[in-house]
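Dear colleague,

Please find below the structure that I am handing over to you, together with its sequence. My notes on it follow.

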4 protein chains.
Amino acid sequence: MIDQTIIDKDNEARRAALAADYDALGASLDRRGIDIAAITAKVTAYGVAVPSWGVGTGGTRFARFPGAGEPRHIFDKLDDCGVIQQLGRATPSVSLHIPWDKEDPADLRAKAEEVGLTFDAMNSNTFQDQEGQAHSYKFGSLSHNDAATRAQAVEHNLECIEIGQAIGSRALTVWVGDGSNFPGQTNLTGQFERYLDAMRQIYAGLPDDWRLFSEHKMYEPAFYSTVVQDWGTNYLIAKELGEKAFCLVDLGHHAPNVNIEMIVARLIQFGKLGGFHFNDSKYGDDDLDTGSIDPFRLFLVFNELVAAESVEGFDPAHMLDQSHNVTDPIESLISSASEVRRAYAQALLVDRESLAGYQGDNDALMSAATLKAGFRTDVEPILAMARLGAGGAIDPIAAYRASGYRARVGEERPAVSGAGGGIV
Amino acid sequence: MIDQTIIDKDNEARRAALAADYDALGASLDRRGIDIAAITAKVTAYGVAVPSWGVGTGGTRFARFPGAGEPRHIFDKLDDCGVIQQLGRATPSVSLHIPWDKEDPADLRAKAEEVGLTFDAMNSNTFQDQEGQAHSYKFGSLSHNDAATRAQAVEHNLECIEIGQAIGSRALTVWVGDGSNFPGQTNLTGQFERYLDAMRQIYAGLPDDWRLFSEHKMYEPAFYSTVVQDWGTNYLIAKELGEKAFCLVDLGHHAPNVNIEMIVARLIQFGKLGGFHFNDSKYGDDDLDTGSIDPFRLFLVFNELVAAESVEGFDPAHMLDQSHNVTDPIESLISSASEVRRAYAQALLVDRESLAGYQGDNDALMSAATLKAGFRTDVEPILAMARLGAGGAIDPIAAYRASGYRARVGEERPAVSGAGGGIV
Amino acid sequence: MIDQTIIDKDNEARRAALAADYDALGASLDRRGIDIAAITAKVTAYGVAVPSWGVGTGGTRFARFPGAGEPRHIFDKLDDCGVIQQLGRATPSVSLHIPWDKEDPADLRAKAEEVGLTFDAMNSNTFQDQEGQAHSYKFGSLSHNDAATRAQAVEHNLECIEIGQAIGSRALTVWVGDGSNFPGQTNLTGQFERYLDAMRQIYAGLPDDWRLFSEHKMYEPAFYSTVVQDWGTNYLIAKELGEKAFCLVDLGHHAPNVNIEMIVARLIQFGKLGGFHFNDSKYGDDDLDTGSIDPFRLFLVFNELVAAESVEGFDPAHMLDQSHNVTDPIESLISSASEVRRAYAQALLVDRESLAGYQGDNDALMSAATLKAGFRTDVEPILAMARLGAGGAIDPIAAYRASGYRARVGEERPAVSGAGGGIV
Amino acid sequence: MIDQTIIDKDNEARRAALAADYDALGASLDRRGIDIAAITAKVTAYGVAVPSWGVGTGGTRFARFPGAGEPRHIFDKLDDCGVIQQLGRATPSVSLHIPWDKEDPADLRAKAEEVGLTFDAMNSNTFQDQEGQAHSYKFGSLSHNDAATRAQAVEHNLECIEIGQAIGSRALTVWVGDGSNFPGQTNLTGQFERYLDAMRQIYAGLPDDWRLFSEHKMYEPAFYSTVVQDWGTNYLIAKELGEKAFCLVDLGHHAPNVNIEMIVARLIQFGKLGGFHFNDSKYGDDDLDTGSIDPFRLFLVFNELVAAESVEGFDPAHMLDQSHNVTDPIESLISSASEVRRAYAQALLVDRESLAGYQGDNDALMSAATLKAGFRTDVEPILAMARLGAGGAIDPIAAYRASGYRARVGEERPAVSGAGGGIV
């Protein structure tokens, strides 16, 4: 963790400017009938989970270029996640990935407690083969032709639940890459039937207070068809399985030009929105930093979420899921969590009564302007004040760099070879 | 109609070559264990409906360039459709569009009988305002904010059913352009609720032996959101409405890169595939001639349909829906119907037993090759023989041109001004 | 025009709040080392042209739903454009479209002077047939197979230059829809050769102080191929023609996911960026209001423009080009011009020295953050102050609505029938 | 290599059926005025290069699932390539990738001669870091901010030329992944200037009888911008460099919906088409087997190539570039080479005189039908006869499986661990 005096010192230098900006914004919002303190309070209470794998440098099939101080195991990763939360105060929990993070649950709990974190949804992995595994997932996992392979994949998911129960998780996220690379390679219907059958077995093992999230994705690693290719299929899955099954939306998993906020609205309306994997993308599942490519799209998603806040039992899971190829992952996760909060804060500013009025009058221009007034507002002072109020840093990137954390772990953790990738 | 002697004469010149090609193909298929006569019989029995509006020249928002002899009304249109069927023998029915084709049902039936046609699904129109209409559809129809506008749209659909009953139709296709052009213009959820409510009223008026088809479309004429934007929403509609409600798939209404045959497979699997609007597209809802851009995609759709032929009660509706901007619409519809049959014939040739075997063995290469062996086969002799056997033309375009039909109606029907379009 | 006292009264009610917001922003920018007065001055000096056709309600091939007080001719249109400029002070010039706006040049100049406007680039039209035209453009214009048709299209463009010279224009914009709807319909190379040959004839008639802008578009109205399909082909044209030929970029004319700001950067680098047609789009050439769908993308384009401001002779033309289907076109054009200015103002705020430093250090996170700091800033007070300072309205939409202008012209100008479109 | 008696035996069983099919096709083509022997001769003479890396199993950033008998080094790879050529007779040359294939040139030549192959274009690699490399390519190579890194990348390319000269290659293909993952991360113009500067140094080292191919790609591994993002930029590069510089087109490197055959036509027209990387794709750079997803698109590309055959000096390079994730790479490369030949044969069948006539008459329907008549023809007998005539296998996949080659090398070459990938 970072020495608090470093954070305090950095905050001190920025406190006056922040106060001035915050007061000016407060006065301006007050003229719009909005209480800045109430917004700040909601933002402070909002958290988004960090994926354990996100603190390692990502890569592509062409190459991976590791940075200094790459985490060696889940305990290093939890250290890094602790720093992210210490500075940004927006990421109170971590989402584990099994088997990558498989360790003694007691040790995991102790470490999480030490760094001030809890555990979010569990993530299973049947898209890779592990050393010594009996059956290969080369041709699929939960939807594989072979019953033994499917059983192995089901068993792995049940184990994830078991581990999750031991560490206080309450949800399992299932993403599979099953699909095909050639028209004809698989029977599209038969493959989905096998998938549903396997998922029913996992669902049967789900504790009563757990939720099961299935995740759709248009393509990659399968390049002709993917068994859970879109929200339509994802909805069918959640519906087939039962009340504890929900759909997870990763912002980068859709076809070009798709209106994602409509998908979010439909899943909310039919009671099946489970949660999000936040990131941004320009082309495919690019896993770029949240809000870096199309911040207005992120705002439009949060516009649907804020509009649904009053829906009974509405409680989607929020998680970052990004690949940090050219940045320090800690910095990217701190700033991405802040971008998620930014969209949330902007959506909270929307005058929903006026908006509904304009919509009712078919006043397209004023409806759009009313919505955009939220987006247009620079809420950075609110985000900074929320961090500061919770003990974090006004400028968490600056404080992080001042701390020398990366250099320190760079010394402790052995350098990773530059080789890697090369799967063209 | 065209003088049969013209057709016969044209056929005579081509009969020997066709026989040679057909025999050679028969011998080759026989070596693959396929009986060409059985395939020809199935192709002969297969028909696809023609849309009444398809025989007029289409256009874009920029311009429309009419051809000679544009049909003036539904009776001219039925004449043209009669010629299409006379030559191609693949299009035994016509799909009407109300109010464009609204005439005395008895006259419609008489004319259809005269030209040897029956009536397929009825199509309502709430995407345009008609002269003297009480409420405008500028801001929507079935999902409009205003109850009176919705009621007017419902009423129109019920009238379509009424007309359809009088002429022997058995289905209503509902496509609406309702949506929005700005984020915020409409409440996405409220709009869909209103749509569902209106559709329930239409469904309540549906005769027991009718089917209701809802059609999804990603965009256009609405350019930010469309209320029935994809198959996921379309499925929800069919499910909400009941057993007589089904989803209609227009091949040009999807996001870029979407795997359409998977959508077809899913809708079949969950009992909600209602039928098709066939056309082809490279960019958006281009409404190009079927099979002109991506014939393999069309084949893959038919591969799913043939695989499902044995499913109890499986009987999707097949219709062409194209915009003929640069061709004689009669020629385009004849050749497009032939393309649909081509894909059907190729799909019938697939050795499904071998395919299932290779799929079960995860033999991706041979699975793909087995499927493609159907597509690769030049089935033109089968299509021509099916036409000839049913009284049509071996080369229907050549026979049509020899007939001078277009020049003849060009004289009878007044020329339409070159102006038009200009809605930039 | 609108009574100035109405504008003054509306401004009076908003003056104090604006002053407070402007001062607070000024103080905050001052802390970032930015002089708000300098930014406001640059914004005040920035203008974007309005297209004459933009003040009429747009539509799609399916329908057009006119509003009240549709302009009947170019003089009505100039009245509307005068109001847009009076209130927004961001649109000092109008771009004419021939033959739609063809009138006596002296009358056009007099009217423009009356409403305080000048004339921007001329726009030719060879994508429609006009009454009494000798040769049809159904199969192309500048690239048509037939030499007489090409000559007619060239002649029309030369006439546009002639009219433009008489009214003080200095540029000709050429957009053609020439292309094909079927693979094989046209010889792709031959068609482009004919296009180039025709453009050379137009270029030969260009006055020395004029510029020729060619515009690329991926598709529509042609749906398989378009002769000027992308910036690559557009660059070849400008290069072939000569020093006075440049490429015009319409933001909605690209393939999905394309990085438009890179295209802008490349054209600047190679001296061939002619200017812009601003609008926004989610799917295709949707012609939505500028900044309504992806405001960050617009900012990124302006980031390139501001970075190139110091390039010798760099002076691209800026024009709005939108289709207003569901709003009052006057309101959309006022607010869209404001969105263009917003992006410009935000781009002016970018700390380019810091940005270059971070880029040089491969500090991806801080580079991105530095760029986004400009976008994140709410520059509305600057935009409002620029309007106010130039004699316009702090809130131009409110002032416009208070003026009753639309109701007034609704009485003067005959209502247009609700019918239209219907080119499915 | 495979024992020729195995091939002969397999051929014997298929010879009679092939003769019957070939004769029937010959008769049918003769009725169309086409001499089948002439077509077969052209197909026989046509070859496409195999990439050395293509014989290893590919993968994604998620995982790689190796098969049995993975080649360990370039000599194993050349053995596999030899088998591909022995059976298919369509792939007489191999394209090397440095440093992966770096060995003593004399040994490379000897091995190639032994297996009956020659060497095609050289491929450099600056998208990965190699063990012991002085400067990392994490932030770019030829366009890197740092001069020393750029010099290292230039030097590597010059070394590729040197190796290539020693083994009889005549071309260098340069593909770089340089770009950025964030708006702002890089100065788009500066980056391209640095790229051009580095390429000029490579070009300066190019022997007089060599060609330099630059390859564009829309995205991946960079996910916001890529320095050579499309053919427009690629054309600028080839033009800037000089007469020996050409553009290479990989079929999977374009934006969704882009008309690739138009790009091919433009590059031919302006003398800058260097060659192809053949593969197929549904979503992005999927690197699927050629012709597996959209065979008509491949045909349309070959339609342009055949139309340009008579152009003086027209001699583009043809290479396969695929990732074989779920098949035996040898089988995929044999069948993909056959698909390339299939498209070539079909394009040769097009009646170009009739086509030009219909195009001149604006007869869109018959133009399209004339083109498609080539595609529709089942040319498999021609392909098989070409293989047989050159000493290969009628059914090369069957002969390959009968040979037991994979099992044999599976014993000789050590199994590769199932682990790998895992760069999420």
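**Findings**

Over all chains, the structure holds 128 salt bridges, a salt bridge being a side-chain nitrogen of Lys or Arg within 4 Å of a carboxyl oxygen of Asp or Glu. This is a predicted model, in which local features need pLDDT of at least 70 and side-chain atom pairs count only at pLDDT 80 or more, while totals for chains, interfaces and linings use all residues. Residues are numbered from 1 along each chain as its sequence is written, chains are lettered from A and ligands numbered from 1 in the order in which they are written, and side-chain values use heavy atoms, with hydrogens and water left out.

One salt bridge within chain A joins Asp80(A) to Arg413(A), with the closest N and O atoms 2.9 Å apart. The pair links distant parts of the chain, 333 residues apart: Asp80(A) lies in helix α3 (residues 74-88) of chain A, and Arg413(A) in the segment after α15 (405-412) of chain A. Helices (H or I, at least four residues) and strands (E, at least two) are DSSP runs, numbered from the N terminus.

**Chains A and D**

The contact (heavy atoms within 4.5 Å) takes 57 residues from chain A and 57 residues from chain D. Between them the two chains bury about 4700 Å², 65% of it on carbon and sulfur atoms; buried area is the accessible area (1.4 Å probe) that two parts lose on being put together, summed over both. Six salt bridges are found across the interface of chain A and chain D. One of them is formed by the side chains of Arg61(D) and Glu220(A), at 2.9 Å from N to O. The side of chain A that touches chain D has 24 nonpolar, 21 polar and 12 charged residues. In these classes, Ala, Val, Leu, Ile, Met, Phe, Trp, Tyr, Cys and Pro count as nonpolar, Asp, Glu, Lys and Arg as charged, and the others, Gly among them, as polar.

**Chains A and C**

Here the contact takes 38 residues from each of chain A and chain C. The area buried between chain A and chain C is about 2900 Å², of which carbon and sulfur atoms give 51%. Asn257(A), Leu365(A) and Arg376(A) supply 23% of the area that chain A buries against chain C, more than any other three residues. Across this interface there are 10 salt bridges, including that between Lys372(C) and Glu339(A) (3.4 Å, N to O). By class, the side of chain A that touches chain C has 15 nonpolar, nine polar and 14 charged residues.

**The sheet of chain C**

In chain C, six strands form an open sheet with parallel pairing, in the order β4-β5-β7-β9-β10-β11; two strands pair if DSSP finds at least two bridges between them. β4 (122-123) and β11 (317-320) of chain C stand at the edges, each with a single partner strand, so one side of each is left without a neighbour in the sheet. Two bridges join β4(C) to the parallel strand β5 (residues 171-174) of chain C, and Met122(C) stands opposite Leu172(C) in β5(C).

**Backbone geometry**

The peptide bond from Glu220(C) to Pro221(C) is cis, with omega near 10 degrees. Pro221(C) is found in the loop between β7 and β8 (225-226) of chain C. Another cis peptide bond joins Ile98(D) and Pro99(D), with omega about 15 degrees. Arg89(D), although not a glycine, has a positive phi of about 55 degrees.

With kind regards
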